[in-house]
Amino acid sequence: FFGCRFTIRPSAVLSAPARLLCVGAATILPVIVTLHARSASQSAVLQSHRMQIVGHRGASAVAPENTLAAIRSALETGYGFEVDLQLLRTQEVVVLHDETLWRTATAHSWSSWLGGVVDSGVLRTPVSELSLEEVRAVDVGDAARVPTFAEALSLLRHPPPLKGGGGGGGGGGPRLIHCFAEIKAEGAAPGAGFDERLTAASAAAVAESGVLPSQLSWISFSLGACVDIKRRLPQHSAFLVAYVGSAADAWAVARTAHRSKLDGIDLNADPAVVSAELAEWLHARGMRLAVWVWKAPAENDVQEVWEHMDRCGVDYFTSNLPLGLRRWDTERGSPGP
């Protein structure tokens with residue numbers, strides 16, 4: 001069939017079935033060739049693709065979340081890190097997921113306030129109403145204190161050496177020295193509000209730090225926050241974060257981010273909603289696809305999910321960095337040429 005030459009003769013010579021065969025072949029062959037070329041091209045892209053790993057709140061499976069120890073641990077294993085940003089009453093930007101210190105302090109060290117060091121009322125007070133001195137008085141695990149965003153950026157500028165030496169990443173690929181900084185929003189929907197003082201202070205901290213656009217991306221559940229931070233620092237990437245329950249919702253988030261001229265989306269790591277088609281659509285528009293997991297231990301931070309996302313062409317997997325991930329990352333090998 002392939003390689004045959006078809007010559008269409010006058011209708012008086014060819015029978016009706018023969019004419020139909022010739023016309024059909026002339027129509028179908030180019031389609032088959034095009035599909036074959038497209039499939040080969042997609043295969044080449046998948047072979048050269050390597051999903052990069054980012055530590056969720058640092059290496060939160062092995063160190064207290066959002067601490068310098070967790071950030072350092074992620075960088076030491078060759079991975080990037082993600083942090084959450086909050087603004088204090090005294091205008092410092094700190095690295096903290098929740099609006100209060102209650103969960104992170106009590107999760108590791110009841111003695112920090114039972115022993116009279118900290119009034120329990122401080123732990124329940126929104127950090128937006130606290131000073132840096134009050135926040136620093138709280139042990140958030142293993143004697144760690146809540147770091148400022150500036151301290152996290154300093155580690156990004158001057159990362160610790162890799163454990164075990166060498167210059168590669170955790171799985172043998174290139175080392176990722178990159179931060180995903182989340183501007184906390186007033187809700188989990190794209191239309192959620194945000195504090196412009198937080199975006200302004202966060203942008204100022206990055207500008208002052210000297211961190212390069214290639215080293216830091218912004219993420220937020222708030223579309224408004226993404227647009228605002230992109231306006232302030234246009235060279236830095238901005239990803240719209242979303243929790244979606246269906247593939248249709250995932251596509252809606254992608255289209256919203258594209259219309260808003262953002263650089264990508266960051267979805268919950270659910271194989272039911274993340275597909276190769278979605279990744280291909282984003283990549284064709286110069287955008288990227290990231291996924292995230294729940295706090296450690298997370299049901300979606302397992303090998304089955306890592307492999308699905310890698311096959312789909314996801315660009316960044318934000319993981320708590322459980323011990324098994326580095327082994328899997330090493331065993332999956334380097335991408336093809």
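Is Cys-312 buried or exposed in this structure? Cys-312 is buried, at a relative accessible area of 9%. Buried here means under 20% relative accessible area, exposed over 50%, and partly exposed in between, with a 1.4 Å probe and protein chains only. The model is predicted: local features need pLDDT of at least 70, side-chain atom pairs count only at pLDDT 80 or more, and totals for chains, interfaces and linings use all residues. Residues are numbered from 1 along each chain as its sequence is written, and side-chain values use heavy atoms, with hydrogens and water left out.

Cys-179 is also buried, with a relative accessible area of 1%. The count of disulfides is 0, a disulfide being a pair of cysteine sulfur atoms within 2.5 Å.

Cys-312 belongs to the buried residues of helix H12 (residues 303-312), together with Val-305, Trp-306, His-308, Met-309 and Asp-310. Helices (H or I, at least four residues) and strands (E, at least two) are DSSP runs, numbered from the N terminus.

Nonpolar packing was examined next. A nonpolar core is a set of buried Ala, Val, Leu, Ile, Met, Phe, Trp, Tyr and Cys residues joined through side-chain atoms within 4.5 Å. The largest has 65 residues. Leu-85, Phe-149, Trp-218, Leu-267 and Phe-317 have the most contacts inside it. A second, separate core has 15 residues, including Leu-101, Ala-105, Val-138 and Val-140. Contact means heavy atoms within 4.5 Å. Beyond its neighbours within four places in sequence, Leu-85 is in contact with residues including Val-93, Val-94, Phe-149, Ile-183, Leu-198 and Trp-218. In soluble globular proteins, nonpolar side chains tend to be buried together.

Val-146 sits in the loop between helix H6 (132-136) and helix H7 (149-157). Val-146 counts as buried because its relative accessibility is 2%. With neighbours within four places in sequence left aside, its contacts are Val-94, Val-95, Leu-96, Leu-101, Val-135, Arg-136 and Val-140. Glu-65 is 81 residues from Val-146 in sequence, yet the C-alpha to C-alpha separation is 9.7 Å.

Both Val-146 and Glu-65 line the second largest cavity, as do Asn-66, Thr-67, Val-95, Leu-96, His-97, Thr-104 and Val-140. On a 1 Å grid over the protein atoms alone, a cavity is a set of points where a 1.4 Å probe fits but cannot get out; a pocket is an open set with protein on both sides within 12 Å along at least five of seven lines; lining residues have an atom within 4 Å of a point. This cavity has a volume of about 40 Å³. Grid points are joined across faces, edges and corners, and a volume is the space filled by probe spheres set on the points. Its lining has 4 nonpolar, 4 polar and 1 charged residues. Ala, Val, Leu, Ile, Met, Phe, Trp, Tyr, Cys and Pro count as nonpolar, Asp, Glu, Lys and Arg as charged, and the others, Gly among them, as polar. There are 2 cavities of 30 Å³ or more.

The largest pocket has a volume of about 470 Å³. Its lining comprises 21 residues. Gln-86, Glu-99, Lys-184, Ala-185 and Glu-186 lie nearest its centre. Strand S2 (80-87) and helix H8 (196-209) each supply at least two lining residues. By class, the pocket lining divides into 9 nonpolar, 5 polar and 7 charged residues.
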